[in-house]
Amino acid sequence: MQTAVITHAHGDHLRHGSARYIVARPGASLAQHRLGSGQPVTAVDYGTPFTVGAARVSLHPAGHVLGSAQVRIEHAGEVWVVSGDYKRQPDPTCTPFEPLQCDVFISEATFALPVYRWAPTPQVVEEIVRWWRANRDRGIASALFCYALGKSQRVLAELRAFTDEPVYVHGAVGALTDVYRRAGVEMVPTLTVTSEKKTDYRGALIIAPPSAAGTPWMRRFGEHASGFCSGWMRVRGDRRRRGYDRGFVISDHADWPALLETCLATGARRVLLTHGHSDALARYLTERGVSASALQTAYGADE
Ligand SMILES: [Zn+2]
Ligand SMILES: [Zn+2]
């Protein structure tokens, strides 16, 4: 592919192999970080049209992670919008989702089942703080597993309402947090976990990617409690199967009510669904007179 128009920097949406990459300006540094410095990344402002072949294209906020974008494509009098991953909840680390009108809407459907509903984020972050304090009272560390790109920084930003204490972060989280900080996102202070100096982690909060769970990297924290911050934690079976002490339901994807509302609000006569649970959502939309079906893509779960 010559030109890749990128919705956001998660691994299943940004891959090597293109001659150039077009991204929304707030996400340019993240894309560059992920692709490597030699790769040609072009930043465009939200809402400013450019052309790709015969199509007029523009990027609009998706509210998923820093710089995430929906792609609006206008060609031969028809408008298609590709949502990328999106959410409708407030998030201090990125620009809120912009509702668009279109003929065809390609929507993600990661959490498209009625069981998936999100509580207000500050409420869940308060639960995290209470859990952290309770673990501290027991003299142990709290290891909170969060996706390294997006979720970690959102939690670090939301924590500002409760504390200004530093939080320890895994190196992978720390590198991306630096990119967010340089982009002007305000978060609690962070300290990167290193093997160089011996640290007493009792009472500390550590944010690490899920891939670090159960690895030797965790040994340095001694006895600790573990929590996972994810939309998947809404379902008890998932909590049990993944073996974390606690699940905190915070997601960077739209929940069931937000998916329904968003798909209908576009006014699209046709909706194509990617990621996960497309069937229930397709049925709901079809009952409301929208032609809806699943679209096979190479997207997967974030990271
Ligand atoms: Zn994503
Ligand atoms: Zn995705």
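**Exercise 1. Find which residues lie on the face of H2 turned away from its buried side.**

Solution. The face of helix H2 that is turned away from its buried side carries Pro122, Gln123, Arg130, Ala134 and Asp137, which are exposed. Helices (H or I, at least four residues) and strands (E, at least two) are DSSP runs, numbered from the N terminus.

The model is predicted: local features need pLDDT of at least 70 and side-chain atom pairs count only at pLDDT 80 or more, while totals for chains, interfaces and linings use all residues. Residues are numbered from 1 along each chain as its sequence is written, and chains are lettered from A and ligands numbered from 1 in the order in which they are written.

Next, take the other side. Thr121, Val125, Ile128, Trp132 and Asn135 of H2 are buried. They cover an arc of only 75° around the axis, so they are on the same side of H2; the arc is that of the directions from the helix axis to the C-beta atoms.

Last, look for the neighbours. The buried residues of H2 pack against strands S9 (141-145), S12 (205-208), S13 (224-229) and S14 (246-248), and against helix H3 (151-158). Here contact requires C-beta atoms, placed from the backbone, within 7 Å.

**Exercise 2. Check the span of helix H2 against its number of residues.**

Solution. The expected span is 1.5 Å times one less than the number of residues. H2 has 17 residues (121-137), so it should span 24 Å; the C-alpha atoms at its ends are 24 Å apart, which agrees. After H2 comes Gly139, with a positive phi near 80°.

**Exercise 3. State the strand order of the six-stranded sheet and find its edges.**

Solution. The order is S11-S10-S12-S9-S13-S14, in an open sheet with parallel pairing. S11 (190-192) and S14 are at the edges with a single partner strand each, so one side of each has no neighbour in the sheet. From one strand to the next the twist averages 30°. Two strands pair if DSSP finds at least two bridges between them.

For one pair inside the sheet, take S9 and S13: five bridges join them in the parallel sense, and Ala143 stands opposite Ser226 in S13. Helix H4 (residues 171-182) packs on the sheet and touches S10 (167-169), S11 and S12; its direction makes about 135° with that of S11. Axes are lines fitted to C-alpha atoms, for helices over the stretch in contact, and angles run from 0 to 180 degrees between N-to-C directions.

**Exercise 4. Describe the three-stranded sheet and the helix that lies across S2 and S3.**

Solution. The open sheet has the order S1-S2-S3 and parallel pairing. Its edge strands, S1 (3-5) and S3 (41-44), each pair on one side only. S2 (residues 20-24) runs parallel to S3 and is joined to it by four bridges, with Ala24 opposite Val44 in S3. Helix H1 (residues 28-35) lies across S2 and S3 and runs at about 165° to S3.

**Exercise 5. Follow the antiparallel pairing from S4 through S5 to S6.**

Solution. S4 (residues 50-52) and S5 (residues 55-61) pair over three bridges in the antiparallel sense. Thr51 has Arg56 in S5 as its bridge partner. The hairpin has two residues between the strands, and Gly53 takes a positive phi near 60°.

S5 is then joined antiparallel to S6 (residues 69-75) by six bridges, and Val57 stands opposite Ile73 in S6. In the loop between S6 and S7 (78-82) is Ala76. Ala76 has a positive phi of about 50° although it is not a glycine, and it is exposed, with 6 other C-beta atoms within 10 Å.

How values were computed: Buried ≥ 20, exposed ≤ 12 C-beta atoms within 10 Å, placed from the backbone. Contact = placed C-beta atoms within 7 Å.
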